[in-house]
Amino acid sequence: MYPLKRNRRLRTSPAIRSLVQETIISPNDFLVPLFVVEGKAIKEEIALMPDYYRLSLDNLEKEVKELWNMGLKAVLLFVKVPDALKDNKGVEVLNADGLMQRAIKAVKNACPGMLVMTDVAFDPYSSFGHDGIVAEGRILNDETTELLAEMSVSHAKAGADFVAPSDMMDGRILAIREALEDEGFTDTGIMSYSAKYASAFYGPFRDALDSAPVDIKNVPKDKKTYQMDFSNRFEAIRETEMDIDEGADIVMVKPGLCYLDIVREIRNEVDVPVAVYQVSGEYAMVKAAAEKGWLDHDAVMLEQLTAIKRAGANIIASYFAKDAVRLLD
Ligand code: PBG
């Protein structure tokens, strides 16, 4: 008696294992999130995201050159807005000389080939820490959507290749697409955060940008009226199909690891590129466990990134992009 099949044959040596390896990650897979601050010569480590930094524009230029030389060719920009410039209207959002607008130009100036994507959402600019305009305890949908459309045009004017709305308002993709077309930005793409869950894994990011919802009367304490309930699956498909109908070029699932079932489902369902955002809390967990000596940082990182790609991601936004690419060399 012997086993009918010996699956272990395909695992006997590194050579055969590499020959039959189904999923391979490469620098081409990554989108690198970058945090930008005002000032000069600033490279400050983010407390809850070890080895990750907020950069002033001069250091941003250095960073993108380094990324480019490593084969990383796409960045996703976020800005930390000084408190004094935050409001509930979006005045600073549309400042043609605002930090985001200058950051886009700085990246293009330092590294013309770099693909620049920008975060389009109100929260870093909101005095209440919400992705939309707040009124009487609610987040206003249509007023916010108008602002996001203008914000997108402002980013496109500064040179952004793609805008990435991360706000989860209804109808914003259509509003943004129309505004971009009206202004002649027919080649500016939209990567929609289409299935974005109300997740506790965003904590370190909100700390990095000081963008958490504030604890004031009549301001919702969480984002559950716009971000999705993590219990839901069909809703993710509905959201994603709606964004594609409205003109999204790339759709996204966020966070990553806890949502790989959703990633696979969406990958099977739609015919546009699917991005996955491995978010700040996922990054922080690996760093913390590695710091304690409980997990092997590099091995766990590669396993997680490969799993995200195996689940169906065509693009991975990850704070591990540089670490991963260094290991792949
Ligand atoms: C804000 C935004 C968030 C993230 C990306 N864009 C936070 C939030 O929705 O509260 C999270 C990214 C991360 O945690 O790494 N619109």
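Q: Which strand do two bridges join to E1, and do the two run parallel or antiparallel?
A: Strand E12 (residues 315-318) is joined to E1 by two bridges, and the strands run parallel. Strands (E, at least two residues) and helices (H or I, at least four) are DSSP runs numbered from the N terminus, and two strands pair if DSSP finds at least two bridges between them.

Q: How is the model to be read, and how are residues numbered?
A: This is a predicted model, in which local features need pLDDT of at least 70 and side-chain atom pairs count only at pLDDT 80 or more, while totals for chains, interfaces and linings use all residues. Residues are numbered from 1 along each chain as its sequence is written.

Q: What is the mean pLDDT of the protein?
A: The mean pLDDT (the predictor's confidence in each residue, from 0 to 100) is 97, and 100% of the residues reach 70 or more. The model scores ipTM 0.98 and pTM 0.97.

Q: What does E1 pair with over five bridges?
A: Strand E4 (residues 74-79) pairs with E1 in the parallel sense over five bridges, and Val32 stands opposite Val75 there. Strand E3 (residues 49-55) also pairs with E1 in the parallel sense, over two bridges; in E3, Arg54 is opposite Phe35.

Q: Why is E1 largely enclosed by the rest of the structure?
A: Seven of the seven residues of E1 (residues 30-36) are buried, so the strand is largely enclosed. A residue is buried if 20 or more other C-beta atoms lie within 10 Å of its own, exposed if 12 or fewer, and partly exposed in between, with C-beta atoms placed from the backbone.

Q: Which residues point which way from E1?
A: Phe30, Val32, Leu34 and Val36 point one way, and Leu31, Pro33 and Phe35 the other way; all are buried.

Q: New topic: which residues does the "active site" annotation cover?
A: In an unreviewed entry, the UniProt annotation "active site" covers Lys196 and Lys254. They span 59 residues in sequence, yet no two of their C-alpha atoms are more than 4.9 Å apart, so they gather at one spot. UniProt positions follow the numbering used here, feature names are shortened, and annotations may be inferred rather than shown by experiment.

Q: Where does Lys196 lie, and is it buried or exposed?
A: Lys196 lies in strand E9 (residues 189-196) and is buried, with 27 other C-beta atoms within 10 Å. Leaving out residues up to four places away in sequence, Lys196 touches Ser166, Met168, Gln227, Met228 and Lys254. Contact requires the C-beta atoms of two residues, placed from the backbone, to lie within 7 Å.

Q: And where is Lys254?
A: Lys254 is in strand E10 (residues 250-254) and counts as buried, with 25 C-beta neighbours inside 10 Å.

Q: Which residue does UniProt list for "binding site"?
A: The unreviewed entry lists Glu239, which is in helix H7 (residues 234-246). Glu239 is buried, with 22 other C-beta atoms within 10 Å.

Q: Finally, what surrounds the ligand?
A: The surrounding residues are Asp119, Ala121, Asp123, Asp131, Ser166, Asp167, Tyr202, Phe205, Arg206, Lys223, Val279 and Ser280. A residue is near a molecule or strand if its C-beta atom, placed from the backbone, lies within 6 Å of it.

Q: How do they divide by type?
A: The shell divides into four nonpolar, two polar and six charged residues. Ala, Val, Leu, Ile, Met, Phe, Trp, Tyr, Cys and Pro count as nonpolar, Asp, Glu, Lys and Arg as charged, and the others, Gly among them, as polar.
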